[in-house]
Amino acid sequence: MQSRSLQPLDPLTLAPEPRPIEANADTASVESPAMKRPVTALSEAVNEQPKRSPNPFGQKVEALRQTLERHRNEHQLIIVQDFPDPDGLSSAWTYKLIAQQYDIHCEIVYGGTLSHQENIALVKLTNLPAERWTPQTIKSKNLSEYQGLVLVDNQGTTSQLMPFLQGIPTTVVIDHHKQQGNLEAEFADIRPSIRATATILTQYLQAGLLNLDSSVSEHIKCATSLMHGLRSDTNALRQAQEDEFLAAAYLSRFYDAQLLEAILQTNRSKRVMDAIERSLKNRTVQNNFSIAGVGYLRYDNRDAIPQAADFLVTEENVHTAVVYGIVHNEDEEIELVIGSLRTTKLTLDPDEFLKEAFGQDKQGRFFGGGRMMAGGFEIPIGFLGGGNENSDYAKLKWEVFDTQIKQKLLKLINPTHDPIESE
């Protein structure tokens with residue numbers, strides 16, 4: 001059954017028209033000063049009423065529609081962050097389906113890996129068309145086939161693929177994180193006030209850029225993934241705002257509740273449980289912050305870090321948790337310090353906190369950033385990377401980075417704290 005798309009409401013304030021005064025004795029006897037105003041004065045009063053302001057989102061819808069129309073029959077790359085989450089994956093899939101209405105062929109790619117069990121389940125159970133690209137993969141591609149880049153749920157700063165794609169113009173950016181720098185994009189919709197990029201893409205569906213059909217399997221699965229994206233970025237809707245609830249209400253017509261339940265029921269792996277155990281053992285708690293280093297992790301297990309942060313923030317008298325570790329990518333022979341922040345403190349801005357804590361590289365790229373209630377950071381180890389076959393060296397290297405990360409965090413959490421000593 002073809003569903004009707006919801007159009008965004010645009011309230012219109014109208015000045016009431018003056019009603020004619022009947023000429024009789026009764027009304028004449030109670031005539032007010034306002035009634036004595038000449039007709040011309042009443043007309044001027046009506047004209048002085050505020051005019052309807054243009055609908056900003058309606059303008060965005062039309063701008064995106066025109067952008068898609070200009071790029072009919074093209075081939076685009078949709079870039080999601082290296083370790084894509086349900087919000088980014090579902091939003092990218094939605095853009096791909098919208099673009100198909102304009103005969104635009106899109107490929108969804110990411111440079112890292114899917115390691116969180118729910119993300120793996122999401123992709124497998126819905127057949128979500130996302131593909132991992134490495135620098136080696138890019139070398140085998142004919143990049144001249146692509147006429148545009150589309151950044152969804154990111155602004156290019158969290159994708160290792162971007163340096164290899166600089167020859168392709170950025171056509172569209174849709175994101176809910178704070179602006180990360182000067183973006184040169186033909187169309188951009190960046191709204192940090194929105195809790196999930198899935199909300200923004202759902203609004204475009206409601207505006208009629210794609211009419212979801214409950215009889216189309218792909219539409220049902222995409223709606224389910226969007227519902228998961230909304231849920232994951234709003235802490236199961238507990239941190240949702242009106243926009244998220246309206247989007248969820250719209251998606252409730254199409255999503256598959258049993259499919260979503262199957263995605264959410266995926267069990268944690270042993271490696272994730274081991275990381276959570278290490279975070280509990282190694283945590284330092286100061287001023288309601290819990291900080292924990294979990295040592296070395298394989299690249300494929302990177303998502304154990306945010307899951308450990310999710311667990312630590314539930315401890316009594318803790319409002320913010322930061323968990324980090326050294327992640328080794330054997331394929332690329334690189335190592336990174338990767339960390340995640342989770343908070344329940346409404347006055348703490350993860351984006352500002354992590355940017356102040358870790359700063360930026362020589363190119364002006366911040367090592368950390370975030371959104372409402374969550375954030376992350378990624379710091380290349382560089383020259384000191386590798387060489388972990390020697391256990392003494394590996395232990396020494398971890399102690400150095402563990403100490404450095406703690407010092408930078410504690411400098412903000414407790415400025416009077418003395419430099420910490422490695423154990």
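## Backbone torsion

D153 lies in the loop between β4 and β5 (170-175); helices (H or I, at least four residues) and strands (E, at least two) are DSSP runs, numbered from the N terminus. D153 is not a glycine, yet its phi is positive, about 65°. With a relative accessibility of 2%, D153 counts as buried, where buried means under 20% relative accessible area, exposed means over 50%, and partly exposed lies in between (1.4 Å probe, protein chains only).

N235 is another residue other than glycine with a positive phi, near 55°. The position of N235 is in the loop between α8 (217-233) and α9. N235 has a relative accessible area of 34% and is therefore partly exposed.

## Model and numbering

The model is predicted: local features need pLDDT of at least 70, and side-chain atom pairs count only at pLDDT 80 or more, while totals for chains, interfaces and linings use all residues. Residues are numbered from 1 along each chain as its sequence is written, and side-chain values use heavy atoms, with hydrogens and water left out.

## Chain totals

The protein chain contains 14 helices and twelve strands. Of its 423 residues, 49% are buried. Among contacts with a separation of 6 or more, 68% come from residues 24 or more positions apart; a contact means heavy atoms within 4.5 Å.

## Buried positions

E244 is part of helix α9 (residues 242-251) and is buried at 0% relative accessibility. Apart from neighbours within four places in sequence, E244 contacts I194, R195, A196, T199, L230 and T234. M227 is 17 residues from E244 along the chain, and the C-alpha atoms of the two are separated by 9.7 Å.

G339 belongs to strand β10 (residues 334-343), and its relative accessibility is 0%, so it counts as buried. Once neighbours within four places in sequence are set aside, the contacts of G339 are I305, V323, Y324, G375, G376 and F377. For G339 and F377, 38 residues apart in sequence, the C-alpha to C-alpha distance is 5.2 Å. R302 sits in the loop between β8 (289-298) and α12 (304-312). The relative accessibility of R302 is 12%, which makes this arginine buried. Leaving out neighbours within four places in sequence, R302 touches F83, S115, V327 and I338.

## Helix packing

The axes of α4 (residues 86-100) and α7 (residues 197-206) come within 8 Å and cross at roughly 20°. Axes here are lines fitted to C-alpha atoms, for helices over the stretch in contact, and angles run from 0 to 180 degrees between N-to-C directions. The two helices, α4 and α7, are therefore roughly parallel; that class covers angles under 35 degrees, with roughly antiparallel over 145, roughly perpendicular from 65 to 115, and oblique for the rest. The crossing of α4 and α7 is left-handed, which applies if the near helix is turned anticlockwise from the far one by less than a right angle, and right-handed applies if clockwise. On the α4 side, D87, S90, S91, T94, Y95 and I98 meet T197, A198, L201, Y204 and L205 of α7. By class, this contact of α4 with α7 has six nonpolar, four polar and one charged residues (nonpolar: Ala, Val, Leu, Ile, Met, Phe, Trp, Tyr, Cys and Pro; charged: Asp, Glu, Lys and Arg; polar: the others, Gly among them).

Helices α13 (residues 350-358) and α14 (residues 391-413) pack at about 125°, with their axes 9 Å apart. The relation of α13 to α14 is therefore oblique, and their crossing is right-handed. F353, E356, A357 and F358 of α13 form this contact with I405, K408, L409, L412 and I413 of α14. The contact of α13 with α14 comprises seven nonpolar, no polar and two charged residues.

## Aromatic pairs

Rings of Phe, Tyr and Trp (its six-membered ring) pair if their centres lie within 6.5 Å; planes under 30 degrees apart count as stacked, over 60 as edge-to-face, and the rest as tilted. The count by this rule is eight aromatic pairs. In one of them, the ring centres of W133 and Y146 are 6.1 Å apart and the planes are at 70°, so the pair is edge-to-face. This pair links distant parts of the chain, 13 residues apart: W133 is in the loop between β3 (130-132) and α6 (135-139), and Y146 is in the loop between α6 and β4 (148-152). W133 is buried, at a relative accessible area of 0%, and Y146 is also counted as buried, at 6% relative accessibility.

Elsewhere, Y296, Y324 and W398 are joined into a cluster by ring pairs.
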